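Thanks for coming. I have one structure to go through today, so let me put it on the screen.

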Amino acid sequence: MKLFTTFAANLCFLCVNRKHCSYFCIMNAIENIRKLFPALEQEMNGKKLVYLDNAATSQKPLPVIGLIERMNSGINANVHRAMYRLSDETTALYEGAREEVRKFINAPERENVIFTSGTTASINLVATCFCERYVNEGDVIVITADSHHSNIVPWQLACGRKGAHVRILPLKDNGEWDMDQLQDMIDRRVRLVAATQISNVLGLINPLDELILTAHRHDIPVLVDGAQGVVHMPVDVQEMDCDFYAFSGHKIYGATGTGILYGKKKWLEEMPPYMGGGDMVGTVTFERTTYAPLPLKYEAGTPDFIGASSFKPALEFVGNIREGETGKEVARSEKEITEYMRRALREIDGCILYGDAENKIPLFSFNVEGCHAGDIAQLLDKMGIAVRSGMMCAEPVMTRFGTTSMVRASFAPYNTLQEAQYLIDCLKKAVKMLR
Ligand code: PMP
C-alpha cells in the first residue's frame, strides 16, 4: 500500500487553496488512482482503452497483482495442512485476508466469513444448504425482480427439489422495487427473502433496510446479493442485519474465482455442509464423519488460497480510496459522471435509460431506438471503448422493460469525466452510422 500512500500524499500539488480548484483536485486524485492500474494503459483497436465494463469485472491494482505474483513465485504451499514454514506463511496470508474481509463488512467473527469462488457459488451454497434444512413442500422463497440469474436459478433448483416455489417482488417502471407489494409477498409460507442490493442492470441502491425490517418482523431471514453493492458503498452486515451477504472478489479489484459468503452463525451452524472433502471434516470413518468448525465446514478441498489472499490488498485499496480527501474527490467525480451521463443520454434522440431514478451508482444501461445494442457495443469497441451489451445475465429484467438486450456502461473510481464525454461523443457517432 506504500505506493498508494505516496500517490495520495501528492494529492492536488497543483494548488493550495482547494476552493478554486475542484477540477484539478478531482483530476489529480483520479489520475493517481489510475497509475495503480496497468491495464488502463493499453490500446484497443489503435485507441487508448476506455474500460467501462467494471460491473462485469474490475481491473486489478498493483498491490493485488504484486501479491499474486509473489505468492505464485514463492509463497506457495497448501494452506492449513502442513507443519512447515512455507505453509504457515501461505496460511497466514489466507487467514489474514479473511480477517480483512471481516473488518471490511464488519462481521462479528472470522467464523462468519466463508471463502467461495464468487457470488454465484455463495448463493448456490445458501440455496442448497438452507433449502435442504428448512424448506418443505409448498414453502416459498421471495426474490427481487431485479435479480441476476445467480439469484434466480439456484432458488429455482433448490425449490424444485423440495416442491417449493419462488415468488417475485416486482419492479416499478423506473426500476425501483415496488415496496407497496412487499406486505402481500410475505406470508407464513415464506422461508427466506433473497434480495439484490444494487442491480447489475439498473444500478439503483435498493431500500434493503425496509425489506430486512419487514422480513425480520415475520422471522424470515434475508440473503443479500452484494456483488455490485459492496463495490459502491460501505457495508456493515451487523448494522444491515442481513442473515447472509454474498459478493465476488473480481468485481472489487481482487482475483477472479474468489468470493465471500457472510452468514450469521446460527444459520451456518445449523445448515448441513455444502461440499464434502478435505479440510471440512473433524473425524472421518467409513461409518460416520464429523465436520470441522466454522468457517472450514463450508470450505471443502484446496481453496484458491492465492486468489483469496488478494482480498487483503484489494480491500485495503478500496478503504484508501474511500477515505479522507481521496474519498471526497472520488465521490465528487462519481457524482459528476452520474449527473453528466443521465443528462447526456436523455439528450440523445430515442435513447432510453433504464433505472433512471435517484440513488444511482455510475452504471448506465440503455438502448437507442433504431439501433441494436450489440451493434452499438461493436462500434464503440472500434473507438477503444469497452462496454457490455446483451442480457447481462438478467433476462427477466430485459423482459420487464420490453427488450432483449441493452448497452451498459459501468464506471469505476479510475474512470474520468473525460472518458464519459468521449463515450457520449462516440455513441452519437455510432447512432448516426446505424440509423
Ligand atoms: N449478482 C450480481 C448483482 C452481479 O452483478 C453478478 C455479476 N455480474 C453476480 C451476481 C454473479 O457474480 P459472479 O459471476 O462473480 O459469481
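This is a predicted model: local features need pLDDT of at least 70, side-chain atom pairs count only at pLDDT 80 or more; totals for chains, interfaces and linings use all residues.

The protein is divided into two parts: domain 1, which covers 2–58 + 325–434, and domain 2, which covers 75–317. So that you have the scale, their C-alpha centres lie 29 Å apart. The contact between them draws 34 residues from domain 1 and 27 residues from domain 2.

Now the interface. The two domains bury about 2,300 Å² between them, and 58% of that is on carbon and sulfur atoms. On the domain 1 side, the residues that lose the most area to domain 2 are I361, C393 and R400, which together account for 23% of what that side buries.

How many salt bridges cross the interface of domain 1 and domain 2? The rule finds one. On the salt bridges themselves, D173 pairs with R400, and the closest N and O atoms are 2.7 Å apart. Polar contacts across the interface come to 19 residue pairs.

Which elements give two or more residues to the domain 1 side? They are β14 (363–368), α16 (395–400) and β17 (406–410). Of these, α16 gives the most, with five residues. By residue class, the domain 1 side divides into 23 nonpolar, five polar and six charged.

Next, the ligand. There are 13 residues around the ligand, and T120, D225, Q228, S248 and K251 come nearest. For T120, an N or O atom of the side chain is 2.6 Å from an oxygen atom of the ligand. T119 takes part through its backbone: an N or O atom there lies 3.4 Å from a ligand oxygen atom. H148 uses its side chain, where an N or O atom is 3.3 Å from a nitrogen atom of the ligand.

Last, the backbone. Most residues other than glycine have a negative phi, and most peptide bonds are trans. Two places here are worth a look on that account.

The peptide bond joining L294 and P295 is cis, with omega about 0°. P295 sits in the loop between β12 (289–291) and α12 (305–309).

The other is D219, which is not a glycine but has a positive phi of about 60°. D219 is in the loop between α8 (208–217) and β8 (222–225).

That is what I have; I can go back to any of these on the screen.

Note on methods: Residues are numbered from 1 along each chain as its sequence is written. Side-chain values use heavy atoms; hydrogens and water are left out. Domain bounds come from an automatic or database domain assignment. Contact means heavy atoms within 4.5 Å. Buried area is the accessible area (1.4 Å probe) that two parts lose on being put together, summed over both. A salt bridge is a side-chain nitrogen of Lys or Arg within 4 Å of a carboxyl oxygen of Asp or Glu. A polar contact is a pair of N or O atoms within 3.5 Å; within protein, one must be able to donate a hydrogen and the other to accept it, and residues adjacent in sequence count only if both atoms are side-chain atoms. Helices (H or I, at least four residues) and strands (E, at least two) are DSSP runs, numbered from the N terminus. Ala, Val, Leu, Ile, Met, Phe, Trp, Tyr, Cys and Pro count as nonpolar, Asp, Glu, Lys and Arg as charged, and the others, Gly among them, as polar. A residue is near a molecule or strand if one of its heavy atoms lies within 4 Å of it.
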